[in-house]
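Here is my note on this model. Please keep the structure open and check each point as you read.

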Amino acid sequence: MARPTKAPEDKRNERNQQRYTAAEYARIEAAAADLGMKPSDFIRACVLKAPLPKPRTAKADAAAVARLDRIGVHIAGACNNMNQLTRATHRGSDFQDYWREVGEEQKAVLADLRTVLDTLLQDFAA
């Protein structure tokens with residue numbers, strides 16, 4: 001489906017080229033990035049005095065994000081194991097001991113996940 005045609009008053013037809021020093025443009029890019037905006041949208045909002053979004057003040061800890069990724073991979077593998085155990089159990093195999101192991105393993109993973117999420121939330125709250 002094609003995009004609806006804009007009304008003539010909504011089309012951006014006019015151009016205004018500005019030149020900046022490298023330092024000025026770096027400041028514009030940094031300010032726009034802090035707000036999660038493109039530099040052109042940031043400049044337009046500033047010039048037209050449009051409301052700007054709230055700045056992104058907190059940065060995620062790279063080590064915590066990597067740890068979350070590893071936990072996600074572990075959870076995916078455990079879910080696969082549970083699926084296989086469920087299938088085997090439905091076929092009549094006895095895997096009660098394995099279910100206990102999987103359950104204990106998942107308790108440890110969830111505790112680790114809670115620790116990482118608490119750390120990230122404290123970083124964002126600061």
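1. Start with how elements are named. Helices (H or I, at least four residues) and strands (E, at least two) are DSSP runs, numbered from the N terminus. Q106 lies in helix α4. The model is predicted, so local features need pLDDT of at least 70, side-chain atom pairs count only at pLDDT 80 or more, and totals for chains, interfaces and linings use all residues. Residues are numbered from 1 along each chain as its sequence is written, and side-chain values use heavy atoms, with hydrogens and water left out.

2. Is Q106 buried or exposed? Buried means under 20% relative accessible area, exposed over 50%, and partly exposed in between (1.4 Å probe, protein chains only). Q106 counts as buried because its relative accessibility is 13%. Which residues does Q106 touch? Contact means heavy atoms within 4.5 Å. Leaving out residues up to four places away in sequence, Q106 touches I75, A78 and M82.

3. Y98 is also worth a look. Y98 is found in helix α4. Its relative accessibility is 43%, so Y98 counts as partly exposed. Y98 and M82 are 16 residues apart in sequence. In space, their C-alpha atoms are 9.3 Å apart.

4. Now turn to the pockets. Rolling a probe the size of a water molecule over the atoms shows where empty space is left. The search uses a 1 Å grid over the protein atoms alone. A cavity is a set of points where a 1.4 Å probe fits but cannot get out. A pocket is an open set with protein on both sides within 12 Å along at least five of seven lines. Lining residues have an atom within 4 Å of a point. Grid points are joined across faces, edges and corners, and a volume is the space filled by probe spheres set on the points.

5. The largest pocket has a volume of about 500 Å³. Its lining has 14 residues. E14, N16, S40, I43 and R44 lie nearest the centre of this pocket. Helix α2 (residues 39-47) gives the largest share of the lining, five residues. For residue classes, Ala, Val, Leu, Ile, Met, Phe, Trp, Tyr, Cys and Pro count as nonpolar, Asp, Glu, Lys and Arg as charged, and the others, Gly among them, as polar. The lining of the largest pocket divides into six nonpolar, four polar and four charged residues.

6. The second largest pocket has a volume of about 170 Å³. Its lining residues include A78, L85, F95, Y98 and E105. Helices α3 (62-90) and α4 (96-125) each supply at least two residues of this lining. Helix α3 gives the most, with five residues. The lining of the second largest pocket divides into six nonpolar, two polar and two charged residues.

7. How do α1 and α2 meet? Axes are lines fitted to C-alpha atoms, for helices over the stretch in contact, and angles run from 0 to 180 degrees between N-to-C directions. The axes of helix α1 (residues 22-34) and α2 come within 9 Å and cross at roughly 90°. That makes α1 roughly perpendicular to α2 (65 to 115 degrees). Y25, I28, E29, A31 and A32 in α1 meet P39, F42 and I43 in α2. The residues of this contact divide into seven nonpolar, no polar and one charged.

8. Finally, check two exposed residues. K49 is found in the loop between α2 and α3. K49 is exposed, with a relative accessible area of 74%. Phi of K49 is near 55°, a positive value in a residue other than glycine. P8 sits in the segment before α1, and is exposed at 64% relative accessible area.

Definitions and conventions
Parallel < 35°, antiparallel > 145°, perpendicular 65-115°, else oblique.
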